[in-house]
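Me: I have a structure to go through with you. Could we take it topic by topic?

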Amino acid sequence: MSAHEYLIRAAGLLHLLVASANFVAPRLLDYRGSLARVTPIVRDVFVVQNVYIVLVLVGLAGACFAFPADLAGRSPLGRAVAGFLAIAFLSYWVRRSGFLPFVFYRLAFGVYLLYVFYVAGGPAC
């Protein structure tokens, strides 16, 4: 297994870490109190979107664990998916890194930055 495949597996772990944060966030951020002040449709949309985000993150983590070689550049589809994910998450971490100065976010930003540089110009591309 190449170093790039290990990085992709690390990205899968980060996906699971972000997904697991959604199980703690409702209590820490007082979702119940905040959602009590909005209309039922807004509350339903919020809940459905949060569930959907968790499912997508878990699915992406599964893809990172099941197909690391493809995402590392063995297939054009794998490169396209990896490139999209790298750009999407890089933009997320850039936007969030200024607001949440935790070590985790800075570390994750570095991992995704390496991921972007690999997808943009790695040896398998």
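Me: Where is D30 found?
Reply: D30 is found in the loop between α1 and α2; helices here are DSSP runs of H or I with at least four residues, strands are runs of E with at least two, and both are numbered from the N terminus. A note on provenance: this is a predicted model, in which local features need pLDDT of at least 70, side-chain atom pairs count only at pLDDT 80 or more, and totals for chains, interfaces and linings use all residues. Residues are numbered from 1 along each chain as its sequence is written, and side-chain values use heavy atoms, with hydrogens and water left out.

Me: What is the phi of D30?
Reply: D30 has a positive phi of about 55°, although it is not a glycine. Most residues other than glycine have a negative phi.

Me: Is D30 buried, partly exposed or exposed?
Reply: D30 counts as partly exposed, at 43% relative accessibility. Buried means under 20% relative accessible area, exposed means over 50%, and partly exposed lies in between (1.4 Å probe, protein chains only).

Me: And the overall fold: how many helices and strands?
Reply: The protein has six helices and zero strands. Of its 125 residues, 34% are buried.

Me: How far does α3 reach?
Reply: α3 has 27 residues and reaches 39 Å from its first C-alpha to its last. That is close to the 39 Å expected at 1.5 Å a residue, where the expected span is 1.5 Å times one less than the number of residues.

Me: Which residues of α3 are buried?
Reply: N50, V54, L57, L60, A61 and C64 are buried in α3.

Me: Which residues make up the largest nonpolar core?
Reply: The largest nonpolar core consists of seven residues: A19, V54, L57, L60, L85, F89 and W93. α3 and α5 (76-97) each supply at least two residues of this core. Apart from it lies another core of five residues, including C64, L71, A72 and A82. A nonpolar core is a set of buried Ala, Val, Leu, Ile, Met, Phe, Trp, Tyr and Cys residues joined through side-chain atoms within 4.5 Å.

Me: Now aromatics. How many pairs are there?
Reply: The count comes to one aromatic pair. The rings of Y31 and F46 have centres 5.0 Å apart and planes at 80°, so the pair is edge-to-face. Rings of Phe, Tyr and Trp (its six-membered ring) pair if their centres lie within 6.5 Å; planes under 30 degrees apart count as stacked, over 60 as edge-to-face and the rest as tilted.

Me: Why does that pair tie together separate parts of the sequence?
Reply: Y31 lies in helix α2 (residues 31-35) and F46 in helix α3, so the pair ties together parts that are 15 residues apart in sequence. F46 is partly exposed, with a relative accessible area of 28%.

Me: Salt bridges: how many does the structure hold?
Reply: The structure holds one salt bridge, meaning a side-chain nitrogen of Lys or Arg within 4 Å of a carboxyl oxygen of Asp or Glu. The side chains of R74 and D70 meet in it at 3.0 Å, N to O. Both residues lie in helix α4 (residues 68-74), four residues apart, about one turn of the helix. R74 counts as exposed, at 62% relative accessibility.
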